[in-house]
Amino acid sequence: MDETLLQRLQAVEPLMWINPELGPTTAAQVPVRPDQVTEAEANWRALAPLLQQCFAELEDSGGMIASDLIEVADLAMAMGQGAGRFFVKGDHALPVAGSVKARGGVYEVFLHGLSLARQLGLIAPDAPPAALAAGKVRDRFGSCTVAVGSTGNLGLSVGIAARALGFRAVVHMSADAKPWKVERLRRHGVEVVQHQADYGTAVASARQQAEADPSIYFVDDERSELLFFGYSAAAAELSGQLLERNIPVDAENPLFLYLPCGIGGAPGGVAYGLKQVFGDHAHCFFVEPAQSPCALVQLASGLKQAVNVYDVGLTNKTEADGMAVAEVSQFVAQVMQPMLSGVYTVADDDLFRWLALAQDHAGLQLEPSAAACLGGPQMLLSTAEGQGYLAQHGLAASTDQATHVMWATGGSLVPDEEYQSFLQKGRALQDLGSPGWRQTAAPE
């Protein structure tokens with residue numbers, strides 16, 4: 001890793017890193033296939049009737065899990081984000097689980113249920129997914145377990161989905177998981193095992209128990225292609241929403257995406273899907289806490305073996321509990337190495353400032369992790385690294401025609417008392433002065 005970058009990481013200052021390995025989308029050598037995205041889209045459509053039966057909130061959408069694309073011109077102005085059009089992808093209010101993780105967790109659990117029911121002879125091999133709603137299937141699933149390791153939102157998604165099909169559900173959570181997420185899981189009948197360690201320990205424990213017991217199906221956030229492609233189908237949804245608004249995406253009208261990153265499955269899947277839809281006209285950036293930039297340290301290291309944030313002297317301590325991950329998924333890192341435009345990091349205080357601005361200027365209820373996406377346009381348009389990226393890719397003259405999509409990953413289910421404390425903190429921090437990330441050049 002470059003020594004200057006290492007020093008800046010260790011100084012825990014917000015920064016933007018541009019990926020030198022980014023190449024043409026069509027030339028990317030990755031261990032997945034574009035047709036897996038279209039397969040996922042078809043699977044979601046097939047699952048829709050069953051999802052509509054299982055979750056009352058999906059009645060109006062015909063069983064599709066989807067979110068709004070919300071234009072936020074006032075919020076962009078309040079944050080000084082400059083030219084272009086600015087949108088929030090509203091996965092903070094996604095039905096069923098209230099976060100982007102519904103796109104992955106529900107998808108994998110329901111496909112696992114379909115596969116298991118066919119394997120056990122509970123339904124015919126050609127039976128539609130809706131056959132899983134039968135009482136005999138649910139009764140049999142009661143002796144089977146679905147397990148996952150999570151800091152919170154994936155656990156909610158997997159746990160709620162598993163219980164909807166009748167499975168026993170166990171979620172292994174790290175010490176920094178929010179108490180309200182633990183309580184919500186338990187209200188859904190999910191068993192929660194808390195570990196006095198970080199996310200990696202929770203996942204390792206869940207995986208170890210599943211390997212020793214064939215009745216346990218483990219949803220592996222680090223390695224699962226099902227999760228990854230469940231997320232990837234969101235790209236077609238976004239494409240349709242942009243088309244409805246007559247917003248073009250091409251060389252003169254670039255699309256910039258800002259995706260909060262924890263272990264990497266959700267942002268990686270979304271980014272991969274977007275690159276298949278829009279090719280090189282989609283420019284995808286991950287965002288991570290300054291103390292937990294696991295994707296950045298892995299990709300910037302240039303190494304094939306795993307590198308974590310502890311290796312570069314960081315603590316992995318952050319208020320953004322959904323992104324408190326020390327080591328990125330190696331599978332996701334391999335896929336993203338030639339496809340990701342870059343990563344930017346954020347300070348915890350700015351998360352609360354932006355959370356309050358999102359409420360005050362757009363009426364959006366975000367949790368700190370989700371608010372991380374809001375700083376992306378400013379980082380791209382106002383830092384030396386961002387300006388260099390625009391110049392390198394011939395985009396400097398296209399910023400007025402650019403579309404910026406900030407992917408809000410969770411927040412609508414946060415209890416009101418806790419959310420009000422977030423707001424109070426964010427507004428107090430705004431009164432203390434401007435956020436420190438508005439730099440225009442890298443330090444000497």
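## Exercises on a predicted model

In this predicted model, the axes of helix H14 (residues 348-362) and helix H18 (residues 416-432) come within 7 Å and cross at roughly 105 degrees.

**Exercise 1.** Decide whether H14 is roughly parallel or roughly perpendicular to H18.

*Solution.* Take the crossing angle, roughly 105 degrees. Angles of 65 to 115 degrees count as roughly perpendicular. Therefore H14 is roughly perpendicular to H18.

**Exercise 2.** Identify the residues that touch the most other members of the largest nonpolar core.

*Solution.* This core holds 114 residues. Phe110, Tyr272 and Trp407 touch the most other members. Next, look for the main contributor: helix H4 (residues 102-119) gives the most, with 9 residues. A second, separate core has 45 residues, including Phe352 and Tyr419.

**Exercise 3.** Locate Val12 and Asn316, and state whether each is buried or partly exposed.

*Solution.* Val12 is in the loop between helix H1 (3-10) and strand S1 (16-18). Its phi is positive, near 55 degrees. Val12 has 30% relative accessibility, so it counts as partly exposed. Asn316 lies in the loop between helix H12 (294-301) and helix H13 (330-336). Asn316 is not a glycine, yet its phi is positive, about 65 degrees. With a relative accessible area of 5%, Asn316 is buried.

Terms used: Residues numbered from 1 in each chain as written. Predicted model: local features only at pLDDT ≥ 70, side-chain atom pairs only at ≥ 80, totals over all residues. Heavy atoms only, no water. Axes fitted to C-alpha atoms, helices over the stretch in contact; angles between N-to-C directions. Helix = DSSP H or I, 4+ residues; strand = E, 2+ residues; numbered from the N terminus. Parallel < 35°, antiparallel > 145°, perpendicular 65-115°, else oblique. Core = buried A, V, L, I, M, F, W, Y, C linked by side-chain atoms within 4.5 Å. Buried < 20%, exposed > 50% of the residue type's maximum accessible area, 1.4 Å probe, protein only.
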